[in-house]
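Trainee: I am new to this structure and would like to go through it step by step. Please show it first.

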Amino acid sequence: MSGKIVTLQRHIMEQQTLHPEASGRFTRLLWDLTLAFKLIAREVNKAGLVSEILGAAGTHNVSGDTVMKLDQYAQDRIFKAMDHGGHLCVMASEEVEDIIPIPDQFPLGHYVLLFDPLDGSSNIDANVSVGTIWSIYHRKSRGRQGSLEDCLRHGYEQVAAGYVVYGSSVMLVYTTGHGVAGFTLDPSLGEFLLSHPAIRIPARGKIYSINEGNALFWDAGTQKYIQYIKQRDEATNRPYSLRYIGSMVADVHRTLLYGGIFLYPADCKDPQKPKAKLRLTYEAHPMSMIVEQAGGRATTGDMRILNLEPKSLHERVPLAIGSPEDVGMYEEFFSGKR
Ligand code: AHG
Ligand code: MN
Ligand code: MN
């Protein structure tokens, strides 16, 4: 960390000066979101200690209250932190089937918030890193409340995107379209402090990250690519090392800092109906904006992720994301050029 101590709040305010038209509403929106992340971080941190929190959703604790799973807790915190501030006209979450309206009693704003409250939640019980992913758009619709139309957007329309990794320390990484900055939570102060200014992804890495248990069901291009980067070739830094956590936030965070490539290709068991896993709106779009802002790339194999417009809220998409040279090489294999 440099000598200058910069809190997340100060950084957000300084970013605001890059937008002379800004009213300060967007700044307050990000502050409110940050509070939700701190609350989630506190619960995630206690998860190993508090058995009620680890219980499956739908079970009851001693007082008969319904026990919340951590991803429902995270969903609830973000909703409660964001429903009344007057910044948003609508929200949508991976945990909720339909769009989430702003309750009638609260004022409406001009922004739209999409989020994955807890990513990698199947890892929680083993104390493995999980995260939150979020993305913000300007509203598009004209009615009083926001609508589905406000949530089904091209990734390049994002005004801001970010994630929090609840790992060995808690880190928040975000972009408003002017590069990427990373902050580490100082638990004693309760403040996120700038620890990673102006993050740039290495042009090329030496780590690949993919659930290799699915190899049989990958398309031929992906199979060939993964074979290729596992071969020995000192001139080009191969063989690559494999790292796969199974929490997209943590896997992409490592990729952003160390370089390399993270992939979740489609399952082509039925070649007529390839099935992707990761969600375009809550996972692929925000992570792609962040990685592109850091100088990286994100593709389905033949299309830039940020150019995609979802047809439905929970649409899934194949994803290859990371260092520009690694993603470029993947595209060559995917298209059959190599
Ligand atoms: P979520 O916990 O939000 O449902 O997302 C899980 C995702 C993502 O975090 C991760 O990259 C991927 O699922 C792991 O999937 P596999 O277990 O199939 O590898
Ligand atoms: Mn997820
Ligand atoms: Mn999730």
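This is a predicted model: local features need pLDDT of at least 70, side-chain atom pairs count only at pLDDT 80 or more; totals for chains, interfaces and linings use all residues.

Trainee: Which strand supplies the largest share of the shell around ligand 1?

Mentor: Two strands, β3 (111–119) and β11 (261–264), each supply at least two residues of that shell. The shell residues divide into six nonpolar, five polar and six charged. The largest share is three residues, and it comes from β3.

Trainee: How much of the area that ligand 1 exposes when taken alone does the protein bury?

Mentor: Start with the contacts of its oxygen atoms. One oxygen atom of ligand 1 is 2.5 Å from an N or O atom in the side chain of tyrosine 244, and an oxygen atom is 2.8 Å from such an atom in the side chain of aspartate 119. Taken alone, ligand 1 exposes 470 Å². Of that, the protein buries 80%.

Trainee: Which residue coordinates both the manganese ion (ligand 3) and the manganese ion (ligand 2)?

Mentor: The protein donors of ligand 3 are Glu94 (OE), Asp116 (OD) and Leu118 (O), at 2.3 to 2.4 Å. Along the chain they follow the spacing E-x21-D-x1-L. The two manganese ions are 3.7 Å apart, and the residue that coordinates both is aspartate 116.

Trainee: Is leucine 118 buried or exposed?

Mentor: Leucine 118 gives its O atom to the manganese ion (ligand 3), and a polar backbone atom of leucine 118 is 3.4 Å from an oxygen atom of ligand 1. Buried means under 20% relative accessible area. Leucine 118 has 2% relative accessibility, so it counts as buried.

Trainee: What is the phi of asparagine 127?

Mentor: Most residues other than glycine have a negative phi. Asparagine 127 is found in the loop between β3 and β4 (130–138), and at 72% relative accessibility it counts as exposed. Its phi is positive although it is not a glycine, with a value near 65°.

Trainee: In which loop does alanine 198 lie?

Mentor: Alanine 198 has a positive phi of about 45° and is not a glycine. At 60% relative accessibility, alanine 198 counts as exposed. Its place is the loop between β8 (191–196) and β9 (207–209).

Technical notes
Residues are numbered from 1 along each chain as its sequence is written. Chains are lettered from A and ligands numbered from 1 in the order in which they are written. Side-chain values use heavy atoms; hydrogens and water are left out. A polar contact is a pair of N or O atoms within 3.5 Å; within protein, one must be able to donate a hydrogen and the other to accept it, and residues adjacent in sequence count only if both atoms are side-chain atoms. Accessible areas come from the Shrake-Rupley method with a 1.4 Å probe; for residues, only the protein chains shown count as cover. Helices (H or I, at least four residues) and strands (E, at least two) are DSSP runs, numbered from the N terminus. Ala, Val, Leu, Ile, Met, Phe, Trp, Tyr, Cys and Pro count as nonpolar, Asp, Glu, Lys and Arg as charged, and the others, Gly among them, as polar. Buried means under 20% relative accessible area, exposed over 50%, partly exposed in between (1.4 Å probe, protein chains only). Donors are N, O and S atoms within 2.8 Å of the metal (3.2 Å for Na, K and Ca); water is not among the atoms, so sites may look incomplete.
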